[in-house]
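Visitor: I am new to this structure. Could you show me how to read some of its features?
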Amino acid sequence: MNKSLDTIAAISTPIGNGGIGIVRISGDNALNILDKIFKTNKNVFEIKSHTINYGHIKDDDQIIDEVLVSIMLAPKTYTCENIVEINCHGGIKSLNLVLDTVLKYGARLAEPGEFTKRAFLNGRIDLSQAEAVIDIINSKTELSHKIALKQLDGNLSSKIGELRDKVILMIATIEASIDYPEHDMEELNLKEVRSKSLELIKEIDLLIDGESKGKILKEGLETVILGRPNVGKSSLLNVILKEERAIVTDVEGTTRDILQEYVSIKGIPLKLIDTAGIRHTNDIVEKIGVEKSKKIAENSDLVLIILDNSKDLIEDDIDLLKKYNKDDSIIILNKIDLESKLDEATLLKYVDKEQIIRISTKEFLGLEDLYNKIKQMFFNGDLNISDEIIISKARHKESLINAKNSLENVIKTIDDGFTEDFISIDLQDSYKYLGEITGETLEEDIIDKIFSEFCLGK
Amino acid sequence: MSYLVDSVDVIVVGGGHAGCEAALASARMGKSTIMFTISLDSIALMPCNPNVGGSSKGHLVREIDALGGEMGKNIDKTYIQSKMLNVGKGPAVYSLRAQADKFKYSKEMLKTIENTDNLRIVQEEVIDIILEDGTCKGIVTLGGLIYKSKAVVICSGTYLKSRCLYGETIVNSGPNGLKTAMFLSDNLKDKGVRMYRFKTGTPARIDKRSIDFSKMKLENGDENIVPFSFTNKEEDIKRDQIPCWLTYTNENTHKIIQDNLYRSPMYSGVIKATGTRYCPSIEDKIVKFSDKDRHQVFIEPEGENTNQMYVQGMSTSLPEEVQIQMYRTIPGLENCEFIKFGYAIEYDCIDATQLNLKLEFKDIKNLFSAGQFNGSSGYEEAAAQGIVAGINAALSVDNKDPLIIDRSEGYIGVLIDDLVTKGTKEPYRMMTSRSEYRLLLRQDNADLRLTEKGYNVGLIPKERYENFINKKETIEKEIKRILKISVPPSEEVNRLLVNNDCTPISTGIKLADLIKRPELSYQKLSELDKNREDFSNEIQEQVNIQIKYKGYIDRQLKQVEQFKKMENKIIPIDIDYFNISGLRLEAKQKLSNIKPYNIGHASRISGVSPADIAVLVIYLEANKKN
């Protein structure tokens, strides 16, 4: 049987004790199913599209829940199919009961991402937009949500379309000169092709650069807090968590010594990693933890080194600074509420003055300075993404890099003194790679790869 | 009243460029073949331009030759000027073009056909096909005669219900004043064949003695010529060449055309058929490119012993009196005398999406077709389809697997795939830009690509095939040898480099890397390579191209690999697209009509979007699993 013929259903709101929850049904049979399970004073087949209707969900005579039902008829719906959304009381039990009833009367449980897959397959959204839906669902911060929304809006697609138009124009010029050899057309200006390719590379570079930004906004800035025991690492973590909204708590997979938390500081998502105290040790168990910490520190985006301002630097501190201090680390002097005993002259041998931030986790002093410093270090303090197109998918980046490489080949071909037909081969490639982003170029298996990422419901 | 005259294997309807190749291929493959023509005087007729080849068309001719066709050999016998075009633009788009002696061209082709075993010519108008249970079983002539056959190939060119337009004057005739075929297209329509009406045109012919060549630019042929046929060597066919001439239109020409535009059947609405954008009439050029203050006009002889001169670039359907006035504004043509006037011709042709890649009708078994009847334009495009249709008709007689050339194997593959998959709404002209893999589909390696196929169907004689294998192996061996050679930074080497405007080397370098330098080539570096054998020009050229452009060729091969992956996803023949709910209605209709062989093929159908393809892929996957 044709899989895409049938009607699918799933719970489309996060599982939890929310006020209401939604069971969504999509497909030709959506109304037939509703007709069998919806107790109302209206005829479901005569209800106007895009209206909300009060009633009860029943199985035979048994009332299951009091609901509001939205009916949206094809094609102007999310999936371009008939859609019914049942707004239930949010308890997990009631939602599951309603879903079970829907499935009992002929719907199939949707696979992860299947609603969006249908929207894509029915031509309502293109590939990059479909991917945006995944991102919206998975977004951990307001900004990454915003980026995904813009992508769903099609701003990436239209940018890619613009780039492709420029490439095709170059191809057309070259092809015309080849296909009409004896026509006195304006001589093809290879210099112009070269400079246009350069311009395009610049535009693509901007998009690629944005990828790291997009990745940070999406996955969080990996931030590691280092310091010997009792300088206030955990206190800092706790203070930040208390002040800023913690987005996810308790991430699996780390050792007992390393704790990970997601926080949003001034809109920048941070993946905060608290490490076991780094110091010389002979204890084998602890040694493993320390080794791990070092590794994490080396791979992180941002290193915060905490020192105790109320004590002078000891060898462990200096060792830490020597090993982990990078130009873009932040040196935090904690406990400024106490008398300062730290010899700054010694400290300045190892760090730059600009790097230092003074705080007190106990008295909540200097935290704003710390936050501003972080914000300033990334994106130059500019987090306004309103006009930017931000690439947040590794797949997109790969296609962009391929497109760029092809354009670089074009330039190399021109510089090497090769002729038109060699230029067009790489222009064609670059056109093709750009099309991969929007799905206009269809390569093997790409679709399945993407949709396997989708989560249930939407 | 009907009388059964004969029963043969293959019948070819039409004796133009498509018909000749189809009939010769079929007969040479051992099938008894009859070729019907409306006039014995119009065999392989060139009613328009007097040349063969040109951009991408030259590729087609060489491919036809590699398959064992006749066009390349025939133009080699009858050319009067030869030129390799596009040489500045790279080897992939080198385009061979020859001016033909039209009269000789027809005569030589007729001679070949008359002397081919298994092949007969009959001068008769074919008016209908015999159709039994969806299978074509033969044809009926105007006189009511019946000829039965196991396959029929229609190559009726521009003759179906054709009419010629000279301004307000309309003549019901075929090209060049020949008889029109009035009945066949209606009878095909009755059998469910969808027809279009296309239009093409030709310029006037001028008396050579009335032209002042001193006002024109001389256009000579190349000194070293390349034969079209791989069986010929330059020295075999070298002869004195005849020049062409170049002049230009001017404001006066344009003004006369503008003032009389309302009398052009194209613009007055008399012609409703679709013309081609690719070789527009002079009226079209003036209207569409009004900012250009002049257009090129080439004066080309129609033959060696004739005063008829073809005026390329001045195709027109304006009234004859206007033609005289406007031609006479052109430098060198001030006193020109007309031998024949330019005209537009309208004719019936089919919607080629009714055909499969064999060039057989999907709904009428054993009925094949080729050439302008399929909506193409040009002698070379016609001949290319002709040979494929002829081969497949002959193969079908024995129920053998068809010959299908894919897009990565030849321009012929691109041409046929485009016609039957995308269809065409105007006369289809081959262009290099239609080929995705043209760096591999060069005119110089057509034999390496296609001789094997020609041999397998029986069109390439054993001796020629052995020579080909020998050539192929020699090239491969020589490339291998070159790749192993390094050159030292010696004085001798650097002297040669400097003499070729090339930077000298300071350390040893691979000979292959020197060949890759734009200033150098395999041939130019022979001095540094003492052990080199004395190879023919052809072999040297292959070795040079394959080494010099290796990086690009490898990139293209990668593209072909991607292409093949999609081509290998086969779609079952019995698939019902209307059962696949994710497909848009337009896609369902298009897919049901075209019946694509595989996913790659489906993705080239216009009106089928990438999203439709995704649906199809998922549907096929799901069905595979079940």
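Guide: We will look at a helix, a pair of helices and a few backbone details. Keep in mind that this is a predicted model.

Visitor: Which residues of α14(B) are buried?
Guide: An α-helix has 3.6 residues a turn, so residues three or four places apart point the same way. In α14(B), the buried residues are Ile475(B), Glu478(B) and Ile482(B). They pack against α16 (511-515) and α17 (537-548) of chain B. The helix itself, residues 462-484, has 23 residues and reaches 34 Å from its first C-alpha to its last, close to the 33 Å expected.

Visitor: Are α1(B) and α11(B) roughly parallel or antiparallel to each other?
Guide: Angles under 35 degrees count as roughly parallel. The axes of α1 (residues 17-28) and α11 (residues 379-397) of chain B cross at roughly 30° and come within 7 Å, so the two helices are roughly parallel. Their crossing is right-handed. By class, the contact has 13 nonpolar, 6 polar and 1 charged residues.

Visitor: What kind of peptide bond joins Ala74(A) and Pro75(A)?
Guide: The bond is cis, with omega about 0°. Pro75(A) lies in the loop between β5 (62-72) and β6 (83-89) of chain A.

Key. Residues numbered from 1 in each chain as written. Chains lettered and ligands numbered in written order. Predicted model: local features only at pLDDT ≥ 70, side-chain atom pairs only at ≥ 80, totals over all residues. Helix = DSSP H or I, 4+ residues; strand = E, 2+ residues; numbered from the N terminus. Expected span 1.5 Å × (residues − 1). Buried ≥ 20, exposed ≤ 12 C-beta atoms within 10 Å, placed from the backbone. Contact = placed C-beta atoms within 7 Å. Axes fitted to C-alpha atoms, helices over the stretch in contact; angles between N-to-C directions. Parallel < 35°, antiparallel > 145°, perpendicular 65-115°, else oblique. Left-handed = near helix turned anticlockwise from the far one by under 90°. Nonpolar A, V, L, I, M, F, W, Y, C, P; charged D, E, K, R; others polar.
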